[in-house]
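Here are a few exercises to work through with the model open. Try each one yourself before you read the solution.

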Amino acid sequence: LQGTPVNISIGSHVWVEDPASSWIDGQVIKITGENAEVQASNGKTVSTSLSKIYPKDMEAPPGGVDDMTKLSYLHEPGVLQNLATRYQLNEIYTYTGNILIAINPFQRLPHLYDSHMMIQYKGARLGELSPHVFAVADVAYRAMINEGKSNSILVSGESGAGKTETTKMLMRYLAYLGGRAATEGRTVEQQVLESNPVLEAFGNAKTVRNNNSSRFGKFVEIQFDRQGRISGAAIRTYLLERSRVCQVSDPERNYHCFYLLCAAPTEVVEKYKLSKPNSFHYLNQSNCYELVGVSDAHDYLATRRAMDIVGISAQEQDAIFRVVAAILHLGNIDFAKGQEIDSSVLKDDKSKFHLKMTAELLMCDSAALEDALCKRVMITPEEVIKRPLDPHAATISRDGLAKTIYSRLFDWIVDKINVSIGQDPNSKSLIGVLDIYGFESFKTNSFEQFCINFTNEKLQQHFNQHVFKMEQEEYTKEQIDWSYIEFVDNQDVLDLIEKKPGGIVALLDEACMFPKSTHETFAQKLYQTFKTHKRFIKPKLSRTDFSIGHYAGEVLYQSEQFLDKNKDYVVAEHQDLLSASKCSFVSGLFPALPEETSKTSKFSSIGSRFKQQLQALMETLNSTEPHYIRCVKPNNLLKPAIFENVNVMQQLRCGGVLEAIRISCAGYPTRRIFYEFLHRFSVLAPEVLEGNYDEKIACGKILEKTGLAGFQIGKTKVFLRAGQMAELDARRAEVLNIAAKTIQNQIRTYILRKQFIALRKATIYVQSLWRRRMAFKLYERMRRENAAIKVQKNLRCYKDKKAYTRLRLSVLVLQTGFRFLAARNEFRFRKQTKAATVIQARWRCYRAYSYHEKLKRASIVTQCRWRGRVAKKELRKLKMAARETGALKEAKDKLEKAVEELTWRLQLEKRLRTDLEEAKGQEIAKLQSSLQAMQSKVDDTTAMLVKEREAAKKAIEDAPPVVKENTVLVQDTEKIDSLTAEVENLKVLVFIQSDMYSQY
């Protein structure tokens, strides 16, 4: 049901699409041509086309409706909102006509399934009580008893939606209705339920969406005698996913039984030479080996106990697990190229070990097993030829043998359970409960998804036919014309898949019969054959993938493994090998074939056998009266109270619920009994109610006045076409708006008159209060002015006194500062004068000492020179006296003595001169150091004088004029000049003295 400009206007409450929550409600705020802007409830503004807007029923019950055919607007968002509302109230069951939608609560609700509930629903008509799985089972049972016709209940849904639990509840209720005395201590219903752990161990596996997904279809036939009591039961299985035995995708798991056996007690594991699951090729293709919260060891023991209950003996159990272990060992046999062309041999010792273990467990000859895997026998009229297989072909042969063994083992277990339960060959009535996997669409979709979706297409066609039939019965019951309503069918998709010749299954079988066919040639054949088919789509970016437009949406399939997974023929060598097994159990799985077929490998395919089983299932369903239960998984977290809109909407689409809605919308989706219609739309024609007309006539007059076309009036209901309910609501809203405006005008007049009178009375009262307030304020102002004058007087007095005190303190501070400066200057002057006096005294002492030393050295020099001169004179006299003969020697001696004495004196003089030079050098060094010290003191004194002058100038400049300026006598400069002159004189004297010494 789409919105139209007629029933969508500004202010209308509508539903718009939302990527996060599928649909979100909002209100139209603007309409521009064919587009509208909607203010969504999440605060966002959405702009979309009017054709994509759905009206929202604002008068829907807050707890939802138990039958969605009662919805005013039967469309996707209305259905989704109704289911979400009921789910939040733990109302997990909802009808859509006679179809039951069951949402998995992921929690125990024991009050819904106790004996009290069974008593309530026993004999109640469908719709009389709240929706329940017991109601569907009761209707099927009553129809079987009253009409004598078999009924079936189809339970569908994706993994984790609760199909198995729903099936258990159905069988519990049927056992309650048609129970009988226990057989061997157990009822038929108990025996069927007790078989579930066994079937789950060998037929269930972990998938992406569920940890315990059934990988086969199960049809439980509960047989009844003429008195309506259960007389027997049978379990029919369909479409086991055989390819899972050899190929597992990550993060899925293989069938549970393999992991249970690996977790068995130690003696069992050692008996079959097993180890951890990651050591087996058929299990380690995925990295998932354990399930959270599940103990495989505990489940192994539970499975063995369940086998005991269903009548499988200990010897048969041992044989079953021996076959399972053999399949694991068989998967570890690898092949390598042989010496001959296109031949193969065992790859290594590990493969030989696993081959030996497989042969021991299957109780057959290991050499014969190796030949059966690595060779093929070709029979010609002339001779029998053994043709070797290459490693790839040998691997395919190995996997084919594993799949065949497991498939026949599963079929044997089902047959054994049926024998244990017991069947009634004389039963004419039965109720079948079908539990089968739902529509699947993953990132990678292979042959298994193709077969599963093919099954769901078949079931959907059956479902559509049933829904259309129910619609016809409703229209016939109400005696309205429905001949022009078209039936929505999916026959074109079924023809695309199964039609002979030319269907996808037929083309796949044809490709499998040609040895050189590959998935590329198969895909090209599909592209050529179905290039004009509207349901077949060729992807642009792939050369081997293809898409099919199913009823639930488009699914992209990858054809890489279609051919390998479709091949299902039993190789003659495998048949001969296992039929000759020394184990009676294994040989029983492979009974001997007739002579004419035992020597050849007759081709058969999974697809063809799948189609045959599906056809047999459809024939069984067509022979019964169907009832439908659609199970829905509300979230992928498997937690209660979480409802994911997008996830649920996809499941409703895959489960065909939305398809049923489309069928209803093709006819008269909105139906209202006369009383409800009059109660809701009598405002469109009030005169009809005043005329005391019959309800049916009154409804007709209302519809005629509105001008709608295409509606029908039945015996008890009004049937409206898609969109008419929204148009009636729009007109009703318009009438109610006009009436509301009239009422609002009167109410507003009354309210405004009442407000005016109250306002006038209040104004008079307020005026009196205000005048009194003004007089009070005038008195208060005068009183404040008088007080302010007094405050100002005291404040001025305080401020003046405070200013005087501050000025007095400032003067005292300045006087103290100037006195301090004067005293400090006087102290500095006296200190500097005393220092200058000390320096002068030291300098005069030094100068006198230097002068004395200089005179001392000069007198010594003078004495030496004088003595030399006297000695020369004496020598001259001696020389004159020596001329005399007698006195020559004496004179000579005297002269020699005088020379020696002079020589000694000269040496002494030299020594003295040397000592004098050393003393003079030391004295010069001392003088230089004293000079430097005095120079540094002079520099410091000069710097201090400069600073003092600057400080004095600054103090004088900063001093106020009242201070008297005193003259400061500065005498240090003259003293410094005199000291400098004396230093220069000393330098001259030192230089002269140096020259004098250098002359010596």
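**Exercise 1: strands**

Arg672 has Val718 in S24 as its bridge partner. This is a predicted model, where local features need pLDDT of at least 70 and side-chain atom pairs 80 or more, while totals for chains, interfaces and linings use all residues. Residues are numbered from 1 along each chain as its sequence is written, and side-chain values use heavy atoms, leaving out hydrogens and water.

Task: find which strands pair with S24, and in what sense.

Solution. Start with S22 (residues 670–673): it pairs with S24 (residues 717–720) in the antiparallel sense over four bridges. Pairing takes at least two DSSP bridges, and strands are DSSP E runs of at least two residues. Finally, S23 and S24 make a hairpin with three residues between them.

**Exercise 2: rings**

Task: classify the ring pair of Phe202 and Phe321.

Solution. Rings of Phe, Tyr and Trp (its six-membered ring) pair with centres within 6.5 Å; planes under 30 degrees apart are stacked, over 60 edge-to-face, the rest tilted. The structure holds 27 such aromatic pairs. In this one the centres are 6.2 Å apart and the planes at 45°, so the pair is tilted. Phe202 sits in helix H6 and Phe321 in helix H10, 119 residues apart; helices are DSSP H or I runs of at least four residues.

Task: is Phe202 buried or exposed?

Solution. Buried means under 20% relative accessible area, exposed over 50%, partly exposed in between (1.4 Å probe, protein chains only). At 1%, Phe202 is buried.
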